[in-house]
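Here is a short briefing for a reader who is meeting this structure for the first time.

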Amino acid sequence: MDLEPLSIGNEVVEFEVGDSAGEDDRTSLRDDLVERSASSGAGDLSSSDGDPILEPCEGMEFDSEQAARIFYNSYARRVGFGTRVSVYQRSRRDGSIIWRQVVCSREGFRRGGSESKSKRQRTITRVGCKAQIAVKKQSSGKWAVSKFVKEHNHELVPPDKVHCLRSHRHVSGPARSLIDTLQAAGMGPSGVMSVLIKESGGVNSVGFTKIDCQNYMSSSRQRTLGSGVQLVFDYLKQMQAADPGFFCAVQGDFDNLAGNIFWADANSRKNYAYFGDTVNFDTTYRMNRYRVPFAPFTGWNHHGQPVLFGCALLLNESESSFIWLFQTWLDAMSGSHPVSITTDHDRIIRSAVAQGLPRSRHRFCRWNVFREACEKLSDVYCSHPNFEGEFQSCVNITETVEDFELCWDSVLERYGLRNNEWLQLMYNARQKWVPVFLRDTFFGEMSIMQGAESINSYFDGYINASTSIQVLIRQYEKATARRHEKEIKSDYETLHTAPVLKTPSPMEKQAASVYTRKIFKKFQEELIETLAYLATVIKDMESEAVYQVAKFGENREAHFVKADVFSKKACCSCQMFEFSGITCRHILAVFRVMNVLILPPHYILTRWTRNAKSDLLPDDYMVGFPGNPQESLTACFENLRCEAIKYIEDGAESMHSYTVAMDALQIAAEKVAASKKHGFGLEQKTLTNGCKSQSRCTEQDERIQELTSELANASLRCEEYRRKLLAVLKDMEEQKLKISVKVQNMRLNLKG
């Protein structure tokens, strides 16, 4: 349900009670508890052998309510009991939850009279246990434990039986993919479960029961969608009729659904034409148990904001279905492969990407890898509080392959993990998720640490585990409209507000006029940092030089930059430019030594500039798009916006061009007003009335062309002067070398 913020002006809270049906209800806690790793609150939990270790306590803080619930559920798994979400409180100011209670699954008592309504006698599961945890939202935004009751009034479940508890049963994403594949091959629940037990190393390691497997298989084709499938189809047909650039495909047909559904509107396809160099395929629904299997393709626009490239409903998670999805998505994007794609760490998705997108660099989402590490290495995380930090530092911070190998080996040795199968598996796949192996490829991230975050961002706050198929379309439209609004706002701020310059550098001024605001701030940070860096030549050749660049007093953390004197191209060992498209501080420090005052054009990626969406699309991207702008209001708006940005940029270059632009704008405004008022019948009259002004504009256009030609000639002369200056500098270096040799010879003669 979409809740609007309440307009009540005080902080009186509304008290609500959660589902009290518990294990008698058909609604599982799995729709409530989203398993995501929480950076705060993680610590040692009570182990099965009874060692005294960290447990929840009052005052313990978490980044979110969800993180607190995950922590308590993980604690419960190791102690030996199940959990259930109980009551919560909402703020009447904005309707958000500000207090939450999670209890033992055996809390309370069964409602009276329930036995008479059921023919089957149900086991008594509730015994009035008081064990619980309560968390409250603080003014800082964090959640703190306000109450913790440890004692239980019943026996705890032994470790080999804990997987039978409802809150600890979960059909994971990889397990779903395997079940779909085996089911497609005609295997029944018993056979599927036998394979899962064998693959997992025992029934205790599967993570769910045969009943869970059977329930999943019974609804695999259209699970959780129900009658909402027709709603989706109606929406897609409506969009196809209204938007000629709308792309939609179904694995099968609309009347006989056999697989997945994919769609992309005109804006998504155009956005891909501008920003499709790196793509994220978000399958968060698989690990977070979403009711709707919704998976979007996203990327980053020129403001560093999430941008949409298409969406899919995955009713089937077999390898062939993923291959179909990637190939269909690629067809919608005119067959243009992205430079890189980031997905979940999954064997089936990995194979599908290799077959569907063979020319793209595939990367696993590091956030998902770290999350899986919390599950696979839970005993290590519990018994060694420092392991998580050391493990993540080994992955995120190491600068070279050699450093990573040494650090990885050291961590395995220190914590006795050389024989751990999961770590060995991840080490074998290290080139697909460890940053040091990926820095030579563009992923569009402003920092290496950004990749350690979840790729689920575009629909964050709009679609979650409780979103139904009936609500999905509405939330999808809200999210796209809100993202578009944010992009327009950022465009406006970039064009109409000037950033604060912190140095007299011409390069900073140039970057401020070229980049969008967010990208400029990142570049400005790198430029300012060069003031503390020294660039020293360690190898000087005729046209190239190698520099050692290090922060003053920190030579041990030096980077090496190879620079071409004539082409002004440089390559840094940190590979920041290759990874993010932003010139690093080390190259900028070398440019300062080389007296390069303006950033060379090849170091300005168009996708990060304010004019990133001003260029015309290639012809192949126009196939299927509206031939006439009047066919699509969205296309009209987008085309006018792009042309207006170009017009403003050109018209603001000088007072002369500004005057010309304003005159032309006045004529255009009169034509638009006339067409709105009287229609196209007065078009000829409007042209006649404006002929004098048009004649004046023609003369001014000719003058602009003359000035443009003079500017081009001046640029050629400057380039010639630059070549001559470089020749003089080269001669001076040669003379300096000769004089140095003579001085050295004279010193040797004097000593002799």
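In this predicted model, a search of the whole structure turns up 35 aromatic pairs.

**Aromatic pairs**

- A pair of aromatic rings is described by how far apart the centres are and by the angle between the planes.
- The ring centres of Y274 and F275 are 6.1 Å apart and their planes stand at 55°, so this pair counts as tilted, and both Y274 and F275 are buried.
- For F387 and F391, the ring centres are 5.6 Å apart and the planes are at 10°, so the pair is stacked, the cut-off for stacking being planes under 30 degrees apart.
- F387 and F391 both belong to helix α12, which covers residues 387-396, and because they are 4 residues apart there, about one helical turn separates them.
- An α-helix has 3.6 residues a turn, so residues three or four places apart point the same way.
- Both F387 and F391 are also buried.
- Ring pairs join F387 and F391 into a cluster that also includes F370, Y381, F404, W408, Y415, Y427, W433 and F437.

**Charges over rings**

- Y427, one of the residues in that cluster, has R430 lying over its face, at 4.0 Å from the ring centre.
- The ring of W608 has the charged end of R607 sitting over it, 4.4 Å from the ring centre.

**Cysteines**

- A disulfide is a covalent bond between the sulfur atoms of two cysteines.
- With two cysteine sulfur atoms needing to be within 2.5 Å to count as a disulfide, the count for this structure comes to 0 disulfides.
- C574 is accordingly in no disulfide, and the nearest cysteine sulfur, which belongs to C572, is 3.5 Å away.
- Is C574 buried or exposed? C574 has a relative accessible area of 11%, and because buried means under 20%, C574 counts as buried.
- C164, by contrast, counts as partly exposed, because its relative accessibility is 39%.

**Helix α16**

- Helix α16 spans residues 506-514, and its buried residues are M507, E508, Q510, A511 and A512.
- Which helices are among those that cover the buried residues of α16? The covering elements include α17 (517-529) and α19 (585-593).
- The N-terminal end of α16 is capped by S505, which has a side-chain oxygen 3.1 Å from the backbone nitrogen of M507, and M507 is one of the buried residues of this helix.

How values were computed. Residues are numbered from 1 along each chain as its sequence is written. This is a predicted model: local features need pLDDT of at least 70, side-chain atom pairs count only at pLDDT 80 or more; totals for chains, interfaces and linings use all residues. Side-chain values use heavy atoms; hydrogens and water are left out. Rings of Phe, Tyr and Trp (its six-membered ring) pair if their centres lie within 6.5 Å; planes under 30 degrees apart count as stacked, over 60 as edge-to-face and the rest as tilted. Buried means under 20% relative accessible area, exposed over 50%, partly exposed in between (1.4 Å probe, protein chains only). Helices (H or I, at least four residues) and strands (E, at least two) are DSSP runs, numbered from the N terminus. A charge sits over a ring if NZ of Lys or CZ of Arg is within 6 Å of the ring centre and within 35 degrees of the ring normal. Contact means heavy atoms within 4.5 Å. A polar contact is a pair of N or O atoms within 3.5 Å; within protein, one must be able to donate a hydrogen and the other to accept it, and residues adjacent in sequence count only if both atoms are side-chain atoms.
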